[in-house]
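Please look over the chain shown here before reading on, and keep the display at hand while the text moves from single side-chain pairs to the whole fold.

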Amino acid sequence: MGMSLSFLLLTLLAPICTFSSPVPDPEVIVHEVNQKINASRRNLGYLSCGTGNPIDDCWRCDPNWEKKRQRLADCAIGFGKQAIGGRDGKIYIVTDTSDDPVNPKPGTLRYGAIQDEPLWIIFDRDMFIKLKEELMLNSFKTIDGRGASVHIAGGPCITIQYVTNIIIHGLNIHDCQQGGNAYVRDSPEHYGWRTLSDGDGVSIFGGSHVWVDHCSLSNCRDGLIDAIRGSTAITISNNYLTHHNKVMLLGHSDTFTRDKNMQVTIAFNHFGEGLVQRMPRCRHGYFHVVNNDYTHWEMYAIGGSASPTINSQGNRFLAPNDVFNKEVTKHEDAPENEWKNWNWRSEGDLMLNGAFFTRSGAGASSSYAKSSSLSARPSSLVNSITMNAGALGCKKGKRC
């Protein structure tokens, strides 16, 4: 991600309230995530539609989900679990696929996204929305694509910049392009000049309490989901990611130390065909990667620099056939005598077709047992947990 002059000015002027303090002991959140996974597993005998996925089992069994949409906000896990989005606001219905970056019309996606009040944004029918410029979200917003096939594609896509409490759910986000060198409205009271954007699917820039769930993402100009510049309290779950090079960047640069506060949960995602690298690529912070299915990479799956903590648990890694690219991990931009102290650990991961994970720091110690309560959660469950990753085909009046 490049930093433009407008971003620099926003960095200096951004309200401090959008920044979230890191959890003092991230292992507490890891423990809580694993408890919820265990609880969903135990309930499989009682829920005929249960999958062992604690997020899905929280709401998908209810055929009346459409009448209780905002209950979804209580189903998040991990570092982004407190993202309530528009839970406490009104329902806003998108009826118009058009887009005006400066003077959006009522009924358009942009009009709802920029409002100051909390809103739960839904769609009245299947839609293909080609945005003319980045969609600048205001705080306390949910974009909920359930019940319709919603594609945001072909233009600039979603930007979460210096705002908080955002839920993005059930969207198809693909073929995102650069925008910028244009005026864009980010609230009812303000619009400003945006320089050239990167072309991410979802760009989180100084954002906090963000949950991206059940989206299908592919083929964007830069990253599919990038989080930088002090972003934290993020959960990325149940997404289906395909056909992309640099999939997910978490951390702005090795020198941007504010990203030491970054804490991200990456759970129940399917990293699928046509992916190359960065699933994710981490800097500085704490990253819990749990029960994901990695069925394709060309260079590596999980990488990082600047001493991030990477806690990999119960994932399934299927290595490519290329004998030179079997390694799951890539310690970047540092000699071995430096990266050997970075805390990267693997517990209960299933390694297939010669895949291997290079542990380091405390994670390389055979005596390292208190990393979590996962107790090597069976990676054999990953298939059932991730089989419905991506945007769901929910129909009103039926279980989703």
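In what kind of link do the side chains of aspartate 293 and arginine 316 meet? They meet in a salt bridge, with 2.7 Å from N to O, the term being used for a side-chain nitrogen of Lys or Arg within 4 Å of a carboxyl oxygen of Asp or Glu. Aspartate 293 lies in strand β25 (residues 293–294) and arginine 316 in strand β28 (residues 316–318), so the pair ties together parts that are 23 residues apart in sequence. Aspartate 293 has a relative accessibility of 4% and therefore counts as buried, where buried means under 20% relative accessible area, exposed means over 50%, and partly exposed lies in between, with a 1.4 Å probe and protein chains only.

The model is a predicted one, in which local features need pLDDT of at least 70 and side-chain atom pairs count only at pLDDT 80 or more, while totals for chains, interfaces and linings use all residues. Residues are numbered from 1 along each chain as its sequence is written, and side-chain values use heavy atoms, with hydrogens and water left out.

The salt bridges come to 17 by this rule. One of them joins arginine 69 to aspartate 144, whose closest N and O atoms are 3.0 Å apart. Because arginine 69 sits in the loop between α3 and β1 (90–94) and aspartate 144 in strand β5 (residues 141–144), this pair ties together parts 75 residues apart in sequence; both arginine 69 and aspartate 144 are buried. Helices here are DSSP runs of H or I with at least four residues, and strands are runs of E with at least two, numbered from the N terminus.

Another salt bridge connects glutamate 332 with arginine 281, the closest N and O atoms being 3.4 Å apart. This pair links distant parts of the chain, 51 residues apart, with glutamate 332 in the loop between β29 (329–331) and α5 (336–339) and arginine 281 in strand β23 (residues 281–283). Both glutamate 332 and arginine 281 are buried.

Among the buried residues of α2 are Ile29, Val30, Val33 and Ile37. An α-helix has 3.6 residues a turn, so residues three or four places apart point the same way. The buried residues of α2 pack against α3 (56–59), β20 (263–267), β24 (286–290), β27 (309–313) and β30 (344–347), contact meaning heavy atoms within 4.5 Å.

Lysine 105 lies in the loop between β1 and α4 (109–113), and with a relative accessible area of 45% lysine 105 is partly exposed. Leaving aside neighbours within four places in sequence, lysine 105 is in contact with Tyr92, Asp96, Ser98 and Tyr111.

For the chain as a whole, there are six helices and 31 strands. Buried residues make up 62% of its 400 residues, and of the contacts with a separation of 6 or more, 65% come from residues 24 or more positions apart. A compact globule of 400 residues would have a radius of gyration near 21 Å, and the chain has 20 Å, which agrees; the radius is taken over C-alpha atoms, and the globule rule is 2.2 Å times the number of residues to the power 0.38.
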